[in-house]
Amino acid sequence: MNAAAAAVQFEVAGRPVSVRPTGSGNVNDTYLAVFRTTFSQERFIIQRINGKVFANPRQIMANLKVVTDHVHRRLEAEADDADRIWQLPRIIPTKTGEDYILDEKGDCWRAISLIASARSYEHIQSLEHAHEAGYVLGQFQRLISDIDPTSLHDTLEGFHVTPRYLVGLDAALATDLGQELVGSTADARHCMRFISARRAWCSVLEEARKRGELLLRPTHGDPKVSNIMIDEDTGKGTSIIDLDTVKPGLIHYDFGDCLRSACNPAGEDEADLEAVYFDTDMCHVIVKGYMRLASEFLSAADRHYLYDSIRVISFELGLRFFADYLAGDVYFKTKHEGHNLLRARVQFKLCESIETREPVIRRILESCD
Ligand code: GN1
Ligand code: MG
């Protein structure tokens, strides 16, 4: 089934005008559908879920429903006192009342509403944008903080459990392809050395969780800057999208992910590694925006691990890209040969830059407390 054929199966008025690829996702296929009647137009999102990554679409859709219902309820209740209109996508049902369809190949298609008059950016545009990125994440974490984490499925077991990715790396290294790739370039050898030096340290958040210092909570899972929606009329944050990875986890990975994506002005695909660094001015503003809402639900132990979370998540993402490179690019979509290796180098460079700036970042975190 293609996206146009999938689109007409959902409960949307009118006839299709266009169904075109949109977004920059590394995993799912996303399309913007435009439908028109004689007097109105509706634009919405159609997605084919990547079945190799998300093996259980029923659970993903169940999580999405729990979170969107809960947040919509809270937003309605708080609307009169809010400083702006907050939005969150809703599931558009099929014409037969289901949350998704399975096509003849077993692929899962679903439709979700578009966030009105808003857009996201691949890179931070200004300090105001940076503030809004932090504020949106704080708001989302606050809104889902009272969902019982056990009411959410663990849809991606091991997702954001950093040491689990070392197991994946070792499995890739044990294959002929992995061996060939790891020995064949200086970049790959650099990645190996970078990882080896941080193997013992990288379970820092997981160990804190095992000791009971950090608790499992509902998390977004992928709050990178391109998932933060900014209102086109006001320039204010209005929503966070890409809710497939919502599941129980450590909110630290969310905090770290927002910062590692927003404070790297070069982005994830920069070929010139000299251009990759962690911008602490940007970090300061994001943390300020985040703390406006997060300070009410962060414990002292949570605060203690905020610095580590920024360092860990850039390391983790680099490790994931590198392991996928060695496995033959089976997980992330790639645009050219060596794309995953380049992405790994970028994240490791960013991680190094975070390490160099540790005292400054810690001061920022303390001052915004
Ligand atoms: C993937 O598909 P996308 O772009 O929303 C990945 C995230 C990574 C991100 C890096 C399910 O997200 O974990 O941080 O790429 N999502 C999954 O850009 O693995
Ligand atoms: Mg995502």
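The legends below describe close-up views of a predicted model.

In this predicted model, local features need pLDDT of at least 70 and side-chain atom pairs count only at pLDDT 80 or more, whereas totals for chains, interfaces and linings use all residues. Residues are numbered from 1 along each chain as its sequence is written, chains are lettered from A and ligands numbered from 1 in the order in which they are written, and side-chain values use heavy atoms, with hydrogens and water left out.

**View 1. The magnesium ion (ligand 2) and its two aspartates.** Asp222 (OD) and Asp242 (OD) coordinate the magnesium ion at 1.9 to 2.0 Å, where donors are N, O and S atoms within 2.8 Å of the metal (3.2 Å for Na, K and Ca) and, with water not among the atoms, sites may look incomplete. Aspartate 222 belongs to the loop between β8 (217–219) and β9 (228–231) and aspartate 242 to the loop between β10 (237–240) and β11 (247–249), so the pair ties together parts that are 20 residues apart in sequence; strands (E, at least two residues) and helices (H or I, at least four) are DSSP runs numbered from the N terminus. Aspartate 222 is buried at a relative accessible area of 18%, while aspartate 242 is partly exposed at 26% (buried is under 20%, exposed over 50% and partly exposed in between, with a 1.4 Å probe and protein chains only).

View 2. Oxygen atoms of ligand 1 lie 2.9 Å from an N or O atom in the side chain of aspartate 222, 2.6 Å from one in the side chain of lysine 224, and 2.5 Å from a polar side-chain atom of tyrosine 331. Ligand 1 taken alone exposes 450 Å², of which the protein buries 95% (Shrake-Rupley method, 1.4 Å probe).

View 3. Most residues other than glycine have a negative phi. Aspartate 329 is found in the loop between α11 (306–326) and α12 (339–356), where aspartate 329 is partly exposed, with a relative accessible area of 28%.

**View 4. Arginine 260 in helix α8 (residues 251–262).** Arginine 260 is buried, at a relative accessible area of 3%, and its side chain makes a polar contact of 2.8 Å with the side chain of aspartate 257. A polar contact is a pair of N or O atoms within 3.5 Å; within protein, one must be able to donate a hydrogen and the other to accept it, and residues adjacent in sequence count only if both atoms are side-chain atoms.

**View 5. Serine 151 in the loop between α3 (127–144) and α4 (162–173).** Serine 151 is partly exposed, with a relative accessible area of 35%, and its side chain reaches the backbone oxygen of aspartate 148 at 2.6 Å.
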